[in-house]
Amino acid sequence: MKEQQQKQQRLQVAIDRGGTFTDVVARKPDGKIVTMKLLSEYKEKYDDAPTEAIRRLLQQDAKEQVAFPLDPSTIEWIRMGTTVATNALLERKGERIALVVTKGFCDLLYIGNQSRPKLFDLTVTIPDALYESVVEVRPVKNREDLRPSPTSLYTSIVSFPDHEKRVGQIANEMGFTNVSLSHEVISMQRYVPRAHTACSDAYLTPCLKRYIDTFSSAFQNKLEHLNVLFMQSDGGLTPVDKFSGSRAILSGPAGGVVGYSATSYTAETDYQAVIGFDMGGTSTDVSRYAGSLEHVLESTIASVIIQAPQLDINTVAAGGGSILSFRSGLFRVGPESAGATPGPCCYRKGGPLTITDANLILNRLIPEYFPKLFGKNADEQLDIEAASNNFDQLTISINEFLKSNNKPLLTKEKVALGFIHVANESMSRPIRALTEGKGLDLREHALACFGGAGGQHCCQIAKVLGMKTVFVSRFAGVLSALGLALADVVHEVQEPCGKSINNENWSFLTERFQKLSEQGINELTKQGNPRYKEQFGFTLPDRPIIVDDIRIRALAKSAMEINRKIDSRSDNSSPKEEKKVSCYFDDEFVDTPVFLIENLLANDQIMGPAIIIDPSCTIVVEPDCQAFVTECGDIRITVDHKKDTSESTELDLIKLSIFSHRFMSIAEQMGRVLQLTAISTNIKERLDFSCAIFGPDGGLVANAPHIPVHLGAMQEAVQFQMRALENNLNDGDVILTNHPAAGGSHLPDFTVITPVFHAENGTPVFFVASRGHHADIGGLTPELTDCLNEPGKLPNCSGTRTLMHNIADLKAQIAANFKDNAETAVRDLLKTVAKKLPEAVDNCLKAKDFMDDGSEIQLCVKIDPDKLTAKFDFTGTSEQVLYNWNTPRAITYSAIIYCLRAMIGHDIPLNQGCMKPVEVVLPKGSLLDPSEDAAVVGGNVLTSQRLVDVILHAFHCCAASQGCMNNITWGDEKASYYETVAGGAGAGPKWHGRSGVHTHMTNTRITDPEILEKRYPVVLLKFCLRKNSGGNGAYNGGDGVERQILFRKKLTLSVLTERRSHRPYGLNGGESGQCGKNTLKRADGRLINMGGKSSVPVEPGDCFILLTPGGGGFGTKTTDDQNTTPSDDEKKAELKNFFEKGSLFDYRMTQEGA
C-alpha cells in the first residue's frame, strides 16, 4: 500500500513528438494535470524536445536547478509517440540495408504487385525500394525438385523458417548489428507484403534505436529503472525494447485516435459513434470509433506495403496548407501543399494561396490571436494584406473565365469561401466511405474535431454530411499526447495456420487460441500488467474458409487518472466576449463575437455565429449552430440543418466544383455496396467492376475511375437501352445487358442499369449503372438453369450461369450534371496541341501501328484551332479478323477518354463532357467496329492497349509501352487460374519508363508467390525484370519481366498475348523496346516457341517461360547528353509530395488493380 502511494506521488508524462511540435500531457505528484507544447526542433535552446519537456516539468516543483542527466526516481512512467519512423520512411532517410531473397526473385519488391499508384500518370512515379542491394540465395532444396509431387503444396517460409534463421546467423557472424527476419517481424503468409514489412523494419528500427539512445542518455543510468512505453501503429503501448520500425509508422496519429475515442465516446454523449477529424497543415486524418479501435492488418504507405496491425487512419490531401488553383472551370484544392516552408501566402515567405489564406481574409482566423512566428525575424503576425492581394489576382482570372462564358462574376470573398466549400467536400468523401460505404448512417455519428485547422471547418463539414453534433475536446491541441496517457499496453501473438474451419479442426484451433492467449498473458505479466483482454477480429460466414493465421491481441489497462471536470458559473452571467469581428458567412459579412476558451465555464452556451479561441486552434461556430461547454470543459456544438429552398438548376462554378466530389463519392459508394453484396470472386475480391451515374439523357455524369477499359463505355450501353425501350421504363425496372453491339465491352462484362424516378416525374431523372466481370457469362451448357437461360432464347442474346443484380441505393438527389468542366479541360488540351499544328502534315496528327497478325490501326486527329474540337478518324484501319481481338466501339471511346485524361495531367470529372469536343470516325466492319457476331473478348485486353499506343503516338506524347496485358491461363476440369503480367512502360520527354509495371488500360495486381504456390499445382521459379529489354534513348523505356512457372500436374496452358512480332515503338529517335516471347520448356529439356496466342497441354515438370515486352525509348541518346537520371534533390522533392494512406486508399488501389 505504501509503495502504491509512493508511485502515485511520482510524475506521469505522455509525450507526442510530432514533426513541428512536441505535445505533452503530465500528471504531477499532487494530481494536477498540466499541458505543454514545444517546437520539436530548436537547436539554439535544447537538443531534444521530449527530454527538455520532462526537465521543465521537474523544474516546476524543484527547489534547485534541474540539469541533465535527469533523476528518474521522481518519474513513475513515460509514454511516447513519435514520427521518427514515419518521416524516415517518407523522406527515405532510413538505414542502408541489403535484402536477401530466394534466387530468381531479386526484383520482386521492385515489381511488387505490378500495379501503378496513379491510374493516369504516364510517368508511373513510384518511390525507390528501401534496400540498397539484393543478395540472391539458392535454397538447400532445389525448387525444381518439387515437380514430381503434384499433390503436395509448397509451403511458405513462415511455416518453415529454417533458411531465414540460417541467413540470420550468417549475417550476425559477419557483424551486422540489425537483422530483420521476415517470419519474426510478421508471421503472416504472402511473400511480397511480408518482405516489404521486413525491409521497413530493418530500414527504420536503427533510426528508432538511435533516437531512443539519445533520449535515454538524458537520464541517470539511462532507462534502467524507468518504465518507458512507446505507442505503436495499432494504438497500443509497448516496452521500449520491443518497439520496432515496422510497427511505429503510425505512432504519432495513433495517439490522436485513442485520445478522441476516450474523450468523445462517453456516457455524456450516449456512447454515440464518433468520426475522428484531424486536420493539419498538409493533410487530414479521418477515422471511426464505435466502442473499439478499428484495425487493418495491411496498408501501403509511400509504395511500401506494411503487413502489421495498424489503426484504420485514412489520410487525404486537404489541409490548411493545401494549395488553391483554378483550372478548366473548376475550383481545386490540393493535393499539393505549401508545407511549413514556404507555407501559406500569409506566412511572409512568398508561399502560394492556401486554405489558411482563405480563412484569413474571411476573418475566420484572427491574426492577433495567432502566434507571431512570421517574417524575417520570426516575430511578425500573419500577413493578411498579401493574402488579400493574391486573392484579388485569382478572382480576376476566375472572372475572366466567367465573363467569357456569360456567367455572373464573383467577389473575392465568394471565391475564398468557394475554395473552403470545395475543401470541405473533399474531406467529406472519406467520411462517407467510412460510414455510408459500409452501410452505416452518418447522422448517427458525432464529429470529433482536433488538429490546428479543423476548428475552422468542423461545423461546415457536419452540415455537408448531415451530422448533428461536433465535439471539440478541451485537450484538442494536445490530444495525441492525451491519447498516450489513456492508452492500453498491448502484446500480440501470431502464428500461421492454414487449416480449414470444420468439426475435425475445431479442437486444434481452440487449443491454439488458448496457447497463444497464455503467451500474451504471460508477456504482459512479465511487464507488470495485472489485467488483460483478448480481442478477436473476424466472423465466420456460413461457408468453408481457411484460417491463414491466428492472432491474439492482449491488453492491459494502465491509463493516467485524470479529473477532467471544470468549474461552472455561479451566477446566470454570460460568457465574457473579447471583441467582435466582421466574419464572412454565405453571402455577407456578419458581426461575430470572439471568446477565449480559457474564460469559458461548464454549462456555458454560445449561439453562432461565434469564434472560440483555443491556444492551439480557432473554432468557428457557424450560424444556426450552438456551442455548449460540457462539465469537462469540452465544446459540444449542435448543428442545425436548414433545407436549401433554391429551386434553380443553374449551377455556378463553386457548386460544380463541389458536385465533382459529391457525384464521385456517390459512384464510389455504389462500388462499396456492390462489393459487400456480391458473391462472385471477380467482383467481391478482385473488384473487377465499375459504377457510374448518368443524366436523364443517358449522358455520363460521374464514373469512378476504377477500370480504365470501362471509362465512358457504359454511356453507350445506357443510351442504347433508352433508344431500344423508349418510354417503356418504370420505377423498379432493372436492365441487364452485355452485348458488344449495345455498348458492351465483351460478353463477360455484364452491365446492370437502373432508372431512378422522382414522384413528380413520369420519366427517369437519372440512371445508375454498374459493369462487372463474370467469368461464366455466355454460351449454352447443360448446367445452365432454364430460368437463367431465358435471355439466351432471345435474338442476339446469350445465357448466363450467374447474375449480379445488386445495385447501390443512392441517397442523394442530383440536380444537374457538370459535363461542361470536363469539356473545358479537353478544349484546353486541344488549344495547347493546336499551337503545334504547323509542324503537323495537313493540320493532322497521324499515327499507325500493327497487331501481330498484320492488322493495321490508322489514326488521323484533325484539330480545329478555332472551335477547339478534334476529329479522331480511324479510316484505313484493317477489316475485322476471324479471331477474337476485334474491338467493340465502346472500347475505342474508353481508350480516347483514357488518353485525354492522361494528357490533361490533373483531375477532371470523367463524364460525357470529355467527348463533347471530339468526333470519332470508325470504319464499319473494321477491327474497331466489327459486325454483331464478331468475336471480341481479346479486343478488350489486347487491341485496347494498341489503341492507346496509337493515340499517344499521334499526339507525340510518349513512346509505346508494352502494348499488351499478357493474358495467361491454366487449369483443368476442376479448377483454373488466370493472370495478366506486367511489362515495360514507355519513356517520355522528361522521364524514363518504369520497369515491371502494368500500363494504360489495365492495372491488374498479380497473385502473391506464396498464395499462388499454396492454391495451385505450380512452382514459381523466377519472377524478375528482363534486363535491357526497354528501348534506349535520352530517356530509356522500362524493362519487361521474366516469369517462369513449373507445372506439377497435367493441365492446359493458354496464352493470349501481343507484341510478339511488332516491337513497342520508340519516339523522337528513341529505340524500340524488345518484343515479348512465350516459351514452353518440356521436362526433357526441349524448348517450344508457343507464339502469341495458343493453348497446349502441359505435363508435370514442364516449365512456362514468359518474357514480356519492354517499353520504347524517347529521344536520341548521345555522348553529349546530360545525365537524365533524377538527382537526389529531385527524388527528395518527389518524396515531399503527399502520400495517401488508410483502408480507403488501399481499397481504391485494389479496385484500380482489378
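Student: Where is the place of P69?

Tutor: P69 sits in the loop between α2 (49-60) and β4 (75-82). Keep in mind that this is a predicted model.

Student: What is the peptide bond from F68 to P69 like, cis or trans?

Tutor: Going from F68 to P69, the peptide bond is cis, and its omega is near -5°.

Student: And which kind of peptide bond joins G608 and P609?

Tutor: G608 and P609 are joined by a cis peptide bond, with omega about 5°. As for location, P609 belongs to the loop between β25 (605-607) and β26 (610-614).

Student: Let's switch to helices. At roughly what angle do the axes of α10 and α11 cross?

Tutor: Helix α10 covers residues 384-404 and helix α11 covers residues 412-435; their axes cross at roughly 90° and come within 9 Å. That makes α10 roughly perpendicular to α11.

Student: Which residues make that contact?

Tutor: From α10 there are S388, F391, D392, L394, T395 and I398, and from α11 there are K412, V415, A416 and F419. Sorted by class, the contact of α10 with α11 has 6 nonpolar, 2 polar and 2 charged residues.

Student: Which aromatic cluster is F419 in?

Tutor: F419 forms one aromatic cluster with F326, F331 and F401.

Student: How many aromatic pairs does the count come to?

Tutor: The count comes to 16 aromatic pairs. One of them is F230 with F243: the ring centres are 4.7 Å apart and the planes are at 20°, so this pair is stacked.

Student: Where do F230 and F243 lie in the chain?

Tutor: F230 is in strand β7 (residues 227-231), while F243 is in the loop between β8 (237-239) and α8 (251-264). The two are 13 residues apart, and the pair links distant parts of the chain. Both F230 and F243 are buried.

Student: What about Y260 and F450, what sort of aromatic pair do they form?

Tutor: Y260 and F450 form a tilted pair, with 6.0 Å from centre to centre and 35° between the planes. This pair also links distant parts of the chain, since Y260 belongs to helix α8 and F450 to strand β18 (residues 445-450), 190 residues apart. Both Y260 and F450 are buried.

Student: New topic: which cysteines does a disulfide join?

Tutor: A disulfide joins C844 to C860, with an S to S distance of 1.7 Å. C844 lies in strand β35 (residues 844-850) and C860 in strand β36 (residues 856-864), so the bond ties together parts that are 16 residues apart in sequence. The count comes to 1 disulfide.

Student: Are C844 and C860 buried or exposed?

Tutor: Both C844 and C860 are buried.

Student: Last one: what is the phi of L868, and where does L868 lie?

Tutor: L868 has a positive phi of about 55° although it is not a glycine. L868 lies in the loop between β36 and β37 (869-873), and at 17% relative accessibility L868 counts as buried.

Student: And what about N1068, what is its phi?

Tutor: N1068 is not a glycine either, yet its phi is positive, at about 60°. N1068 is in the loop between β43 (1051-1056) and β44 (1077-1081). With a relative accessible area of 43%, N1068 is partly exposed.

Terms used:
Residues numbered from 1 in each chain as written. Predicted model: local features only at pLDDT ≥ 70, side-chain atom pairs only at ≥ 80, totals over all residues. Heavy atoms only, no water. Axes fitted to C-alpha atoms, helices over the stretch in contact; angles between N-to-C directions. Helix = DSSP H or I, 4+ residues; strand = E, 2+ residues; numbered from the N terminus. Parallel < 35°, antiparallel > 145°, perpendicular 65-115°, else oblique. Contact = heavy atoms within 4.5 Å. Nonpolar A, V, L, I, M, F, W, Y, C, P; charged D, E, K, R; others polar. Disulfide = S-S within 2.5 Å. Buried < 20%, exposed > 50% of the residue type's maximum accessible area, 1.4 Å probe, protein only. Phe/Tyr/Trp six-rings, centres within 6.5 Å; stacked < 30°, edge-to-face > 60°.
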